[in-house]
Amino acid sequence: MARIKPQALLLQSKKKKGPTRISVTTIIFCNLVIVLVVFSLFATYRNWSNRSRNQFHVGGSNAEEHDGFVDSKRFDLPGYAILNTSKGYITVELNKDGSPEIVDKFLDLCQKGHFKGMPFHHVIKNYVIQGGHSQGIGAAEDWTSKGKPHGHLPLSPKHEAFMLGTLKSKQDGKKFELFITTAPIPDLNDKLIVFGRVIKGEDVVQEIEEVDTDEHYRPKSPIGIINVTLKPEA
């Protein structure tokens, strides 16, 4: 067996203990991996951030759309009613802002056909026309029996001629009656809720006002509303 010289053993020992060199290719590859990992994390963060923002925006939009739907629903209600009467058509503009609850009730009853065939059971010239399904003494007749103080009370724009109203007293749908004034009547301020005004067909109202009545202001010949048509515009 050949003997290894001491110098050769020393050189071999130095080669084994010396640091291992890392190639340039390995360094570049590691850096690329790090860059890709950082880029991937950044892209993931942006994606989640955008999703959260979009969800918040959609939620806010839905809330706004809901509020808008409620408002539009309120303003999309029909604003006009056409009363087809025995004497012709009467077009009424409904006061949705001034009397919203009464207008809602009137529209609901129109859709249920409440006013179809409703008679004008009391007609008082230069005062009011009263329509309804109730029997007995009409409210208008009762008011006239107590007198009509037409000179000393201040006039209200609400109770000029050709205004549409109903009784202020609480009533169910079956007793919902209609009143069309044919003259300015200030003493009705405490009795009627005005929720509309005649904008077309004043001549029809005047023709109804001229019908023959008995001593209780009841028309001698049947006269009334045939049906009611609702429209968004006149």
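**Confidence first**

A: The mean pLDDT of the chain is 77, and 66% of its residues reach 70 or more. Keep in mind that this is a predicted model.

Q: Where does pLDDT stay under 50 with zero contacts beyond four places in sequence?

A: Over residues 63-72. Residues 147-156 also stay under 50, but there the model has 15 contacts beyond four places in sequence.

Q: Why should I be careful with coordinates where pLDDT is low?

A: Low pLDDT means the predicted coordinates should not be read in detail. That goes for the 15 contacts of residues 147-156, where pLDDT stays under 50.

Q: Where is phenylalanine 162 found?

A: In the loop between helix 4 (139-145) and strand 5 (163-167).

Q: Is phenylalanine 162 buried or exposed?

A: Buried. Its relative accessible area is 19%, and the cut-off for buried is under 20%.

Q: And tyrosine 217, what is its phi?

A: Tyrosine 217 also has a positive phi of about 65 degrees, and it is not a glycine either. Tyrosine 217 sits in the loop between helix 5 (202-209) and strand 8 (225-231).

Q: How does tyrosine 217 count for accessibility, and why?

A: Partly exposed, because its relative accessible area is 29%.

Q: Switching topic. Which strand holds histidine 121?

A: Strand 3, residues 120-124. Histidine 121 counts as buried, at 13% relative accessibility.

Q: What does the side chain of histidine 121 make polar contacts with?

A: One partner is the side chain of histidine 122, at 2.6 Å. Another is the side chain of glutamate 177, at 3.4 Å.

Q: Last stop, glutamate 233. Where is it found?

A: In the segment after strand 8.

Q: Does glutamate 233 count as buried or exposed there, and why?

A: Exposed, because its relative accessibility is 60%. The cut-off for exposed is over 50%.

Q: How far is glutamate 233 from glutamate 93, in sequence and in space?

A: They are 140 residues apart in sequence. From C-alpha to C-alpha, glutamate 233 and glutamate 93 are 9.0 Å apart in space.

Conventions:
Residues numbered from 1 in each chain as written. Predicted model: local features only at pLDDT ≥ 70, side-chain atom pairs only at ≥ 80, totals over all residues. Heavy atoms only, no water. Helix = DSSP H or I, 4+ residues; strand = E, 2+ residues; numbered from the N terminus. Buried < 20%, exposed > 50% of the residue type's maximum accessible area, 1.4 Å probe, protein only. pLDDT = per-residue confidence, 0-100. Contact = heavy atoms within 4.5 Å. Polar contact = N/O pair within 3.5 Å; in protein donor to acceptor, adjacent residues only side chain to side chain.
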